[in-house]
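Please look at the sequence and structure first.

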Amino acid sequence: MTQGSNIPAEGSGKVEITEYKGAAGGWGSMKSLVHILPQEDAIGPDTLDTLRRQNKPEGFMCVSCAWGKPAKPHIAEFCENGAKATAWELTSYRVTPDFFQQHTVAELEQWPEYNLEQAGRLTHPMKYDRATDKYVAVSWQEAFDGIAARLKGSDPKKVVLYSSGRASLETSYMYALFGRLWGTQNLPDSSNMCHETTSVGLKNATGSPVATIQLQDYDKCDAIFCFGQNVGTNSPRMLHTLRDCAKRGVEIVTFNPLKERGWEKFTDPQNPIEMATGKSTQISSQYHQVRAGGDIAAILGICKLTIEADDQALRDGGERVLDHHFIEQHTVRFEEFATFCRNATWDDITRESGLTREAITEAARVYMNAKAVINVYGMGITQHRYGMDSLYMLTNMLLLRGNIGREGAGPGPVRGHSNVQGQRTVGITEKSELVPVDRLKQLYQFDPPTEKGWDTVESCRAIIAGECQGFVQLGGNFLRAAPDYGRLREAWAKLPFTVHIATKLNKSHLVPGEDSWILPCLGRSELDMQATGRQAVSIEDSFSHIYGSVGKAKPAAETLLSEPAIVAGIASRVLPPNPNIDWEEWVGDYGKVRDAIENTYPDKFANYNGRLFQPGGFWKGNPAAHRKWETKSGRAEFNAPRALNSAGFADKEGRYRLVTLRSNDQFNTTIYGYDDRFRGIKGTRQVVMMCVADQQRLGVKDGDIVALESDADDGIDRVVEGLRVVNYDLPEGTIAGYYPELNVLVPLEHHALESHVPAGKSVPVRVRVSA
Ligand SMILES: Nc1nc2c(c(=O)[nH]1)N[C@H]1C(S)=C(S)[C@@H](COP(=O)(O)OP(=O)(O)OC[C@H]3O[C@@H](n4cnc5c(=O)[nH]c(N)nc54)[C@H](O)[C@@H]3O)O[C@H]1N2
Ligand SMILES: Nc1nc2c(c(=O)[nH]1)N[C@H]1C(S)=C(S)[C@@H](COP(=O)(O)OP(=O)(O)OC[C@H]3O[C@@H](n4cnc5c(=O)[nH]c(N)nc54)[C@H](O)[C@@H]3O)O[C@H]1N2
Ligand SMILES: [Mo]
């Protein structure tokens, strides 16, 4: 067993910034993979065997992204980053009680995130000991009893039960049910920082909070528009789909302030000919470098041109451009929206989008000529103050030509965590209207809470105000992922208690409240043996397909418990006995939890256990995909935007829009390394990417060190020092750097208005140049 060691910040390699000339995928991805595997000492039989079975029916479902898993998988149905995630979980390094004996918590908190997770898998339940400032090993029994005592002594309405989107459907169902039985709906999850804008906005506009398309729709579309998603890094398996589309002649039009390599070209690492010849496929036929927050205006331009072309056709007696039949039968507020578009001026559109009228006209041409269009998007849309307006614009655009609810067309949000969408499906939510309250009542004979619980922003507010009485996290790294790190960290240290169900050590664990426990759990790739034998779990992807997943690798330690066992361990001690729930029986056989899920959601989960390993997963269905609109009006809804850019603050001299995003060597707050290959950045994450014009205005150049300061009008000082200027092709006034290092700059109240998703894609900052 190898013990993790403390390596100084920023890795040990030298910093190198050069333009990356290769395609996404290709040899670069192979090299990156072999680089991380030995580093993790993880090329054991288990890792390779696990990778072979990754994303295959009866295999194990990757813990990285939520992209669909085809019914006929590739020989190796995984990507560079999925393999990294697996290797990271199957590391041979261990964080044992000895490790904690050697390091105080104060010392560990100073370690970079990379070193904390690199130290290895957690092995024993640990409890914080204030006298020595160390975590010490306790038995599971002691941990559960201690936690139960703390929970019972608290007001359920003041305790947060957070989850990160990796936990399975089975665990998530049990966790949410525990919360409600105990009396709280404070059930935020990582989705509250992610696609909640989708869940709220798409639901309002189409009645369905998720993608209406399925994976096979990509075979039927003839144009794809992509807004604010970085496919090469964050959902690399999608590149296979896009490559096939591009080869078929599908036009792919991308809107992104950064030139992201994955949207430019792709060499398939699994294609020997492409690998041998270095041949790559061009992905985007058009690439528009919109300003951060400029999507509303860009799409407005497309809609304006489409509507005006239709007006013209009406005048000329030509073929109509809009799908009037669809608009009349299926939508509301079209006229209002059309008037808004006709009245919009090109001055406003070009200023706010940062694009020329010609560029937008080119994009509109593709839209008007296409029969079936998919709008793909990610965090570049959802993480803005007016993110919902961007999302509405995306939907408006599709509705104009009836591009929802038919083959090859529809909105295609690319979800983040592998089961983040599924968690919402089975009850992880702070909103009772999303919960089948009557069914829960009937099944478990209790009155579920009806008042709204806390989402992420509300949880942070409560923590900062000193009102939160305790925080339980099922996976994740809330303290680091949430906004306003400086203020939150200070308040987090005063929490009465925290409980962390986790595979690896992270910063959230290292700012202990009065009492803190770390509960180490099995990862999804590991064998999960319970009373009735080997267990499977299940997850839901971005297309609402549900798959079983079976881990086979030897667990990192014999002392680990599964997530369902940990949730049951806590729940059974906190709750009075309930004749309708046998927590122990559920842990012994997850099939019984699936039966309970099926009983709670009979429409979505019919014959759940029977269909668990259906190739390609089983579809839980989607009313909007059949043009059944479960909205307030009973139709799909057009919505004119409230603002022309989604940043939500005015332009001002010296003010920049900071985009916080992911490098190619990270999974959220998990940092695999210090290289961001496609962006040509090596050996450091302390950077701010900036275009030449902005550098000249500021009097700085590539390689200079600057600081970023908050420019929010809330009087709070927030600063990050020591950032290296990196010359980057970006629109003027838009700069970019890495999350989570820059989270200190994201004001808590700077969030998407309705969904409360922190607005990490346009943070108002100033650049301070040291004398
Ligand atoms: N390897 C790996 N895979 C992951 C993750 C990971 O960290 N690593 N994270 C997972 C999770 S939880 C999620 S949510 C997804 C995240 O995947 P993405 O949605 O790709 O998230 P980001 O990396 O934050 O990048 C967002 C993209 O939006 C662009 N952008 C920023 N602002 C704007 C804007 O105003 N308009 C437009 N049009 N574009 C903009 C950025 O340049 C960037 O390309 O990936 C998931 N998959
Ligand atoms: N500024 C800024 N902030 C952001 C974002 C951004 O783009 N910009 N993105 C936001 C988004 S989209 C998201 S989704 C959130 C992510 O927020 P989270 O989901 O809370 O964070 P992660 O980094 O994914 O969590 C990593 C930790 O999960 C634990 N873990 C890993 N695997 C398992 C497992 O199988 N079981 C259990 N129990 N634990 C496990 C490990 O201990 C690891 O340290 O961050 C958000 N924050
Ligand atoms: Mo996410």
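Phe225 is buried, at 0% relative accessible area. Buried means under 20% relative accessible area, exposed over 50%, and partly exposed in between, using a 1.4 Å probe and protein chains only. Tyr367 is buried too, with a relative accessible area of 0%.

## Basis of the model

This is a predicted model: local features need pLDDT of at least 70, side-chain atom pairs count only at pLDDT 80 or more, and totals for chains, interfaces and linings use all residues. Residues are numbered from 1 along each chain as its sequence is written, chains are lettered from A and ligands numbered from 1 in the order in which they are written, and side-chain values use heavy atoms, with hydrogens and water left out.

## Ring pairs

Rings of Phe, Tyr and Trp (its six-membered ring) pair if their centres lie within 6.5 Å; planes under 30 degrees apart count as stacked, over 60 as edge-to-face and the rest as tilted. By this rule there are 29 aromatic pairs. The ring centres of Phe225 and Tyr367 are 6.1 Å apart and their planes meet at 80°, so this pair is edge-to-face. The partners sit 142 residues apart in the chain, Phe225 in strand E9 (residues 223–227) and Tyr367 in helix H18 (residues 357–369). Helices (H or I, at least four residues) and strands (E, at least two) are DSSP runs, numbered from the N terminus.

Phe471 and Phe478 form a tilted pair, 4.8 Å centre to centre with 45° between the planes. Phe471 is buried at 0%. Phe478 is buried at 0%.

## Cluster

One aromatic cluster is formed by Phe99, Phe100, Trp111, Tyr128 and Tyr135.
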